[in-house]
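Dear colleague,

I am handing over the structure we spoke about, and my notes on it follow below. Please read them with the model open beside you.

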Amino acid sequence: MKIEVADEAGLGERGADLVLESLGGRPDPVWGVATGGSPLGIYRALAQRTFRAWRGVRAFALDEYVGLAPDDPRSYRSTVERDVVRALGLDPALVHVPDGSAPDPVLAAKRYERDIEQGGGIDVQVLGIGRNGHIGFNEPGTALDEHTHLARLADETRIDNARYFARMSDVPVSALTQGPATIMRSRRIVLIALGRAKAPAIARALTGPVDPVSPASILQRHPDVTVLLDADAASALPE
Ligand code: F6R
C-alpha cells in the first residue's frame, strides 16, 4: 500500500495520473467511480487532461441509493452523469450504476456483480471513505467477503449525507453497493480522503487489524492500493 500526502489540488492531479495510467494502456478499459465529495478533485483534474479514449471507457459506479428514481438529482446515477459522464465525455451507454429503483433490489445487486465480471473486471477503482470506515456503502459489520448487495445505511452515514437532502427523513435507509470482495477484485485501487474528520477512519483502516468493524481495512490485503491524503486526513497516522 502506498500512502501519499499532498494538498487537495495535488491529490486531484495525482489521482488523475493514476486513473489515466491504469486505463490508458487497456484495450477495453473499465473504471470504477465513487460519488461523494472526495473524488471531485480527481474528476476536475481529469477534465483538464487530454485523453481521447474516454468514449470507449466502460465505467461502474460503486453504489446507489435504494428508492430514488434514476433521474432524481440526488441519485448517484444523476451525480455520475453530471460529474463524470458529461464532464469527461464518456459514452452514457457504457456507464453502469446499480439500479436502486429495481422492484427486486437483491436481484439487481446480483445482476450488477455479473455485469462487472462480464465487463472484464475493473482496472482502477476510485474510492472515498466514510468517517466510520465504510467503503462504498459497506458499513461496519459487513462481511468482508460480500459481493454487490443490498445494504442498510449506518446512522452516521445518513447524517453525513443529509447535506444533499432537504430533510433527514428523506435520506434513504438502504443502498445497493459493490461489496468488499467486489472492490478487492479491482486491479488497482485509489482511495482519496480529505479533512480531519476522516483521520481516525484512515488510521484504523491503514494501521489497525483487518476487521469488519473497519471495512476499509480489507484494502491492506490488496496488492495495488494508493492512498491519497491531505495533511488533515493523515494526521492520526503514526509518524
Ligand atoms: C460514494 C461512496 C462512499 C463515499 C464516502 C465518503 O460512492 O461509496 O463510500 O466515498 O461516504 O464520502 P465523501 O467523499 O462525500 O466524504
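Sorted by class, the residues that line the largest cavity are five nonpolar, two polar and one charged. Please keep in mind throughout that this is a predicted model. The lining consists of Ala34, Thr35, Leu40, Tyr43, Thr79, Val80, Asp83 and Val84, and the elements that contribute two or more residues to this lining are α2 and α3. Of the elements involved, α3 gives the most, with four residues. The volume of this largest cavity comes to about 30 Å³, and the structure holds one cavity of 30 Å³ or more.

By class, the lining of the largest pocket divides into nine nonpolar, 10 polar and five charged residues.

**The seven-stranded sheet**

Seven strands form an open sheet in the order β1-β10-β9-β6-β2-β3-β5, and their pairing is parallel. At its edges stand β1 (2-5) and β5 (95-96), each of which pairs on one side only. Within this sheet, strand β2 (residues 30-33) and strand β6 (residues 124-127) run parallel and are joined by two bridges, and Gly32 has Gln125 as its bridge partner in β6. Helix α2 (residues 40-48) lies across β2, β6 and β9 (188-193), and runs at about 140 degrees to β2.

**The three-stranded sheet**

A further open sheet has three strands in the order β4-β8-β7, with antiparallel pairing. Its edges are β4 (63-65) and β7 (149-152), and each of these has a single partner strand, so one side of each is left without a neighbour in the sheet. Neighbouring strands here are turned against each other by 30 degrees on average, direction ignored. Four bridges pair β7 with strand β8 (residues 174-177) in the antiparallel sense, and Ala151 stands opposite Ala175 in β8. Helix α4 (residues 105-118) packs on this sheet, where it touches β7 and β8, and its direction makes about 125 degrees with that of β7.

**Salt bridges**

Side chains of opposite charge can pair when their charged atoms come close. A search of the whole structure finds 17 salt bridges, and one of them is between the side chains of Arg14 and Glu4, at 2.7 Å from N to O. This pair links distant parts of the chain, 10 residues apart, with Arg14 in helix α1 (residues 8-24) and Glu4 in strand β1.

With best wishes

Terms used
Residues numbered from 1 in each chain as written. Predicted model: local features only at pLDDT ≥ 70, side-chain atom pairs only at ≥ 80, totals over all residues. Heavy atoms only, no water. Nonpolar A, V, L, I, M, F, W, Y, C, P; charged D, E, K, R; others polar. Pairing = 2+ DSSP bridges. Contact = heavy atoms within 4.5 Å. Axes fitted to C-alpha atoms, helices over the stretch in contact; angles between N-to-C directions. 1 Å grid on protein atoms, 1.4 Å probe; cavity = no way out; pocket = protein on both sides within 12 Å on 5 of 7 lines; lining within 4 Å. Points joined across faces, edges and corners; volume = space filled by probe spheres on them. Salt bridge = Lys/Arg side-chain N within 4 Å of Asp/Glu carboxyl O.
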